[in-house]
Amino acid sequence: MFMNYNLDSVVSLISHIHSSSAEFLNKKLSKTENFVSSHGYILFILSENPRMTMGQIALKINRDKSTTTVLIKKLLKKGLVKTECCTEDSRKKYISLTEEGKKYNSLTASISKELLDACYKDFTEEEKETLLKLLIKLNGNIEKAE
(Lines give C-alpha, C1' and ligand atoms only; values in the text may rest on other atoms or scores of the structure.)
Protein backbone atom coordinates (compact mmCIF):
# COMPACT_ATOMS: atom_id res chain seq x y z
CA MET A 1 0.00 0.00 0.00
CA PHE A 2 1.38 3.40 -0.97
CA MET A 3 1.12 6.42 1.24
CA ASN A 4 1.19 9.96 -0.06
CA TYR A 5 4.45 11.32 1.29
CA ASN A 6 5.18 14.99 1.75
CA LEU A 7 7.83 17.11 3.45
CA ASP A 8 6.36 16.39 6.89
CA SER A 9 6.52 12.62 6.39
CA VAL A 10 10.13 12.27 5.20
CA VAL A 11 11.15 10.36 8.35
CA SER A 12 8.23 8.00 7.83
CA LEU A 13 9.39 7.44 4.25
CA ILE A 14 12.94 6.72 5.40
CA SER A 15 11.56 4.26 7.95
CA HIS A 16 9.51 2.58 5.23
CA ILE A 17 12.57 2.33 2.96
CA HIS A 18 14.55 0.80 5.83
CA SER A 19 11.83 -1.78 6.51
CA SER A 20 11.42 -2.64 2.84
CA SER A 21 15.15 -3.06 2.28
CA ALA A 22 15.51 -5.21 5.43
CA GLU A 23 12.60 -7.35 4.24
CA PHE A 24 14.26 -7.77 0.83
CA LEU A 25 17.57 -8.78 2.43
CA ASN A 26 15.92 -11.06 4.97
CA LYS A 27 14.04 -12.93 2.23
CA LYS A 28 17.24 -13.45 0.24
CA LEU A 29 19.33 -14.43 3.27
CA SER A 30 16.72 -16.83 4.66
CA LYS A 31 16.98 -18.86 1.45
CA THR A 32 20.61 -19.64 2.25
CA GLU A 33 21.26 -19.92 5.98
CA ASN A 34 18.14 -18.61 7.72
CA PHE A 35 19.99 -15.41 8.54
CA VAL A 36 18.63 -11.89 8.88
CA SER A 37 20.10 -8.68 7.48
CA SER A 38 21.97 -7.99 10.74
CA HIS A 39 23.98 -11.19 10.24
CA GLY A 40 24.98 -10.08 6.76
CA TYR A 41 25.87 -6.62 8.02
CA ILE A 42 28.10 -8.08 10.77
CA LEU A 43 29.95 -10.17 8.19
CA PHE A 44 30.32 -7.12 5.98
CA ILE A 45 31.74 -4.86 8.72
CA LEU A 46 34.12 -7.64 9.77
CA SER A 47 35.41 -7.75 6.19
CA GLU A 48 36.27 -4.06 6.53
CA ASN A 49 37.49 -4.29 10.16
CA PRO A 50 39.20 -7.67 10.55
CA ARG A 51 39.07 -7.74 14.36
CA MET A 52 36.35 -6.12 16.45
CA THR A 53 35.00 -6.44 19.97
CA MET A 54 31.37 -7.27 20.68
CA GLY A 55 30.86 -3.68 21.85
CA GLN A 56 32.32 -2.23 18.65
CA ILE A 57 30.07 -4.46 16.55
CA ALA A 58 27.01 -3.56 18.64
CA LEU A 59 27.72 0.13 18.13
CA LYS A 60 28.28 -0.29 14.40
CA ILE A 61 25.06 -2.29 13.81
CA ASN A 62 23.04 -0.10 16.21
CA ARG A 63 21.97 -2.97 18.48
CA ASP A 64 22.47 -3.56 22.19
CA LYS A 65 25.19 -5.94 23.36
CA SER A 66 22.78 -8.74 24.28
CA THR A 67 21.17 -8.74 20.82
CA THR A 68 24.61 -8.59 19.22
CA THR A 69 25.73 -11.56 21.32
CA VAL A 70 22.80 -13.64 20.03
CA LEU A 71 23.62 -12.67 16.43
CA ILE A 72 27.32 -13.46 16.87
CA LYS A 73 26.55 -16.82 18.53
CA LYS A 74 24.63 -17.90 15.43
CA LEU A 75 27.54 -16.89 13.20
CA LEU A 76 29.93 -18.78 15.50
CA LYS A 77 27.72 -21.87 15.34
CA LYS A 78 27.76 -21.72 11.53
CA GLY A 79 31.55 -21.36 11.55
CA LEU A 80 31.51 -17.95 9.85
CA VAL A 81 33.24 -16.05 12.67
CA LYS A 82 35.66 -16.94 15.43
CA THR A 83 36.57 -15.39 18.76
CA GLU A 84 39.90 -14.79 20.43
CA CYS A 85 40.59 -13.42 23.88
CA CYS A 86 42.25 -10.08 24.33
CA THR A 87 45.70 -10.47 25.91
CA GLU A 88 45.36 -7.20 27.90
CA ASP A 89 41.79 -7.75 29.16
CA SER A 90 40.49 -11.32 29.50
CA ARG A 91 36.87 -10.06 29.64
CA LYS A 92 37.22 -8.74 26.10
CA LYS A 93 36.85 -11.00 23.08
CA TYR A 94 37.69 -10.17 19.52
CA ILE A 95 35.46 -11.37 16.70
CA SER A 96 36.86 -12.02 13.23
CA LEU A 97 35.85 -13.79 10.03
CA THR A 98 36.79 -17.38 9.33
CA GLU A 99 37.68 -18.47 5.81
CA GLU A 100 34.10 -19.73 5.49
CA GLY A 101 32.84 -16.31 6.62
CA LYS A 102 34.93 -14.63 3.93
CA LYS A 103 33.36 -16.91 1.30
CA TYR A 104 29.87 -16.21 2.62
CA ASN A 105 30.59 -12.49 2.33
CA SER A 106 30.75 -12.80 -1.44
CA LEU A 107 27.17 -14.12 -1.39
CA THR A 108 25.95 -11.28 0.83
CA ALA A 109 27.81 -8.80 -1.38
CA SER A 110 25.88 -10.01 -4.43
CA ILE A 111 22.58 -9.73 -2.53
CA SER A 112 23.50 -6.20 -1.46
CA LYS A 113 24.36 -5.31 -5.04
CA GLU A 114 20.98 -6.64 -6.15
CA LEU A 115 19.26 -4.39 -3.59
CA LEU A 116 21.32 -1.35 -4.59
CA ASP A 117 20.60 -1.97 -8.26
CA ALA A 118 16.87 -2.01 -7.46
CA CYS A 119 17.16 1.13 -5.31
CA TYR A 120 19.13 3.12 -7.86
CA LYS A 121 17.13 2.05 -10.91
CA ASP A 122 16.69 5.08 -13.20
CA PHE A 123 18.97 7.26 -11.02
CA THR A 124 21.76 9.26 -12.61
CA GLU A 125 25.17 9.31 -10.91
CA GLU A 126 24.52 12.93 -9.96
CA GLU A 127 21.19 12.01 -8.33
CA LYS A 128 22.89 9.23 -6.35
CA GLU A 129 25.54 11.68 -5.10
CA THR A 130 22.90 14.27 -4.21
CA LEU A 131 20.83 11.68 -2.35
CA LEU A 132 23.88 10.56 -0.36
CA LYS A 133 24.84 14.13 0.56
CA LEU A 134 21.30 14.97 1.66
CA LEU A 135 20.93 11.81 3.75
CA ILE A 136 24.28 12.47 5.44
CA LYS A 137 23.15 16.00 6.24
CA LEU A 138 19.78 14.75 7.55
CA ASN A 139 21.52 12.13 9.70
CA GLY A 140 23.90 14.73 11.10
CA ASN A 141 21.00 17.00 12.02
CA ILE A 142 19.23 14.18 13.85
CA GLU A 143 22.40 13.18 15.72
CA LYS A 144 22.98 16.80 16.81
CA ALA A 145 19.39 17.02 18.09
CA GLU A 146 19.74 13.91 20.31
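T98 sits in the loop between β3 and α5. Strands here are DSSP runs of E with at least two residues, helices are runs of H or I with at least four residues, and both are numbered from the N terminus. The model is predicted: local features need pLDDT of at least 70, side-chain atom pairs count only at pLDDT 80 or more, and totals for chains, interfaces and linings use all residues. Residues are numbered from 1 along each chain as its sequence is written, and side-chain values use heavy atoms, with hydrogens and water left out.

T98 is buried, because its relative accessible area is 16%. Buried means under 20% relative accessible area, exposed means over 50%, and partly exposed lies in between (1.4 Å probe, protein chains only). The side chain of T98 reaches the backbone oxygen of G79 at 2.5 Å. Such a polar contact is a pair of N or O atoms within 3.5 Å; within protein, one must be able to donate a hydrogen and the other to accept it, and residues adjacent in sequence count only if both atoms are side-chain atoms. Leaving aside residues up to four places away in sequence, T98 touches G79, L80, V81 and K82. Contact means heavy atoms within 4.5 Å.

The wider chain comes next. The protein chain holds 6 helices and 3 strands. From the N terminus on, its elements run α-α-β-α-α-β-β-α-α. The C-alpha trace spans about 50 × 35 × 30 Å along its principal axes. Of the 146 residues in the protein chain, 25% are buried. Among contacts with a separation of 6 or more, 47% are between residues 24 or more positions apart.

The three strands form an open sheet in the order β1-β3-β2, with antiparallel pairing. The edge strands are β1 and β2, and each pairs on one side only. Two strands pair if DSSP finds at least two bridges between them. Strand β1 (residues 52-53) is joined to β3 by 2 bridges, and these strands run antiparallel. Strand β2 (residues 81-85) is joined to β3 by 5 bridges, again in antiparallel fashion. Strand β3 itself (residues 93-97) is mostly covered, with 4 of its 5 residues buried.

Individual pairs show how β3 is flanked. Y94 in β3 is the bridge partner of T53. Y94 also stands opposite E84. I95 in β3 stands opposite T83.

Helix α2 packs on this sheet and touches β1, β2 and β3. The direction of α2 makes about 95° with that of β3. Axes are lines fitted to C-alpha atoms, for helices over the stretch in contact, and angles run from 0 to 180 degrees between N-to-C directions.

The axes of α2 (residues 37-48) and α5 (residues 99-119) come within 10 Å and cross at roughly 115°. The crossing of α2 and α5 is left-handed. In a left-handed crossing the near helix is turned anticlockwise from the far one by less than a right angle; clockwise makes it right-handed. On the α2 side, G40, L43, F44 and S47 take part, and they meet Y104, N105 and T108 in α5. By class, this contact has 3 nonpolar, 4 polar and no charged residues. Ala, Val, Leu, Ile, Met, Phe, Trp, Tyr, Cys and Pro count as nonpolar, Asp, Glu, Lys and Arg as charged, and the others, Gly among them, as polar.

Two loop residues have positive phi values. N62 is found in the loop between α3 (54-61) and α4 (65-77). Its phi is positive, about 60°, although N62 is not a glycine. N62 is exposed, because its relative accessible area is 64%. D122 lies in the loop between α5 and α6. Phi of D122 is near 70°, a positive value in a residue other than glycine. D122 counts as exposed, because its relative accessibility is 70%.

Helix α6 (residues 125-145) contains K137. K137 is exposed, because its relative accessible area is 56%. K137 and S106 are 31 residues apart in sequence, and their C-alpha atoms are 31 Å apart in space.
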